[in-house]
Amino acid sequence: MAVSELLEQIRHLPDSSGVYLMKDDAGKIIYVGKASSLKKRVGSYFTGSKDVKTRVLVSNIAALETITTRNSYEALVLENNLIKQWLPRFNINLKDGKSYPVIRVTGDDYPRVFRTRRIIDDGSEYFGPYPDVHKLDAYLELIEQLFPLRKCKGPLKKREHPCLYYHIRRCPAPCAGYIDKLEYGKTVDSIRNLLSGHVEPLIRELTTSMQ
């Protein structure tokens, strides 16, 4: 595609958030980027002075594809996923396997909930990703205070007496039989609802508890 055709395509891009994919003349994706305004961001590649890398990138663009999103956050997450999928040669960030953290709910009989960057196909559930790690940790701290779960890693091992986490009210001690699978599962369901945005039942419960 000639530069004039690219500029004409850019002129008709939406002024909304999304992800843009730049391709070479073989149809291979060479760069993936995000934008709060696709029209302004993509157009900026073809105006003003640029560094060497950007000039080389622009000279290799033969086709352009865009994907609109509902907001900038969705664009950020989509950009991350597409870079990991296609590994474009002009993307220098996020190509090393690093990804945004997610919250993992393990698939055990007595699940654990924690932050991770690894997605494992073992029956676990994942919520996220979360670009702001500090906010994620604050979120997990809130979950831990509202819904204490076991902290021990690996399969649950039976104990005669619970560990320190039980005594500081950070674990319901399933290892010592202080809570059964059904009640523990209700707590995990509440966490799933919270992470999915279904917060109305939790708000009612906390309001009643405060009153």
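First, the conventions. Residues are numbered from 1 along each chain as its sequence is written, and side-chain values use heavy atoms, with hydrogens and water left out. As the model is predicted, local features need pLDDT of at least 70 and side-chain atom pairs count only at pLDDT 80 or more, while totals for chains, interfaces and linings use all residues.

Now the sheet. Helices (H or I, at least four residues) and strands (E, at least two) are DSSP runs, numbered from the N terminus. Two strands pair if DSSP finds at least two bridges between them. Three strands form an open, antiparallel sheet in the order β2-β1-β3. β2 (29-35) and β3 (63-68) are at the edges with a single partner strand each, so one side of each has no neighbour in the sheet. On average, neighbouring strands are turned by 20° against each other, direction ignored; axes are lines fitted to C-alpha atoms, for helices over the stretch in contact, and angles run from 0 to 180 degrees between N-to-C directions.

β1, residues 18-23, pairs with β3 over six bridges. Gly18 is opposite Thr68 of β3.

Helix α4 (residues 72-86) lies across β1, β2 and β3, at about 170° to β2. Contact here means heavy atoms within 4.5 Å.

Last, the patch. Leu142, Leu146, Leu206 and Met210 make a nonpolar surface patch of about 360 Å². Patch residues have over 30% relative accessible area and no salt bridge, and nonpolar side chains (Val, Leu, Ile, Met, Phe, Trp, Tyr) are joined within 5 Å, like charges within 9 Å. A salt bridge is a side-chain nitrogen of Lys or Arg within 4 Å of a carboxyl oxygen of Asp or Glu. Areas are Shrake-Rupley with a 1.4 Å probe; for residues, only the protein chains shown count as cover. α5 (133-146) and α8 (200-210) each supply at least two patch residues.
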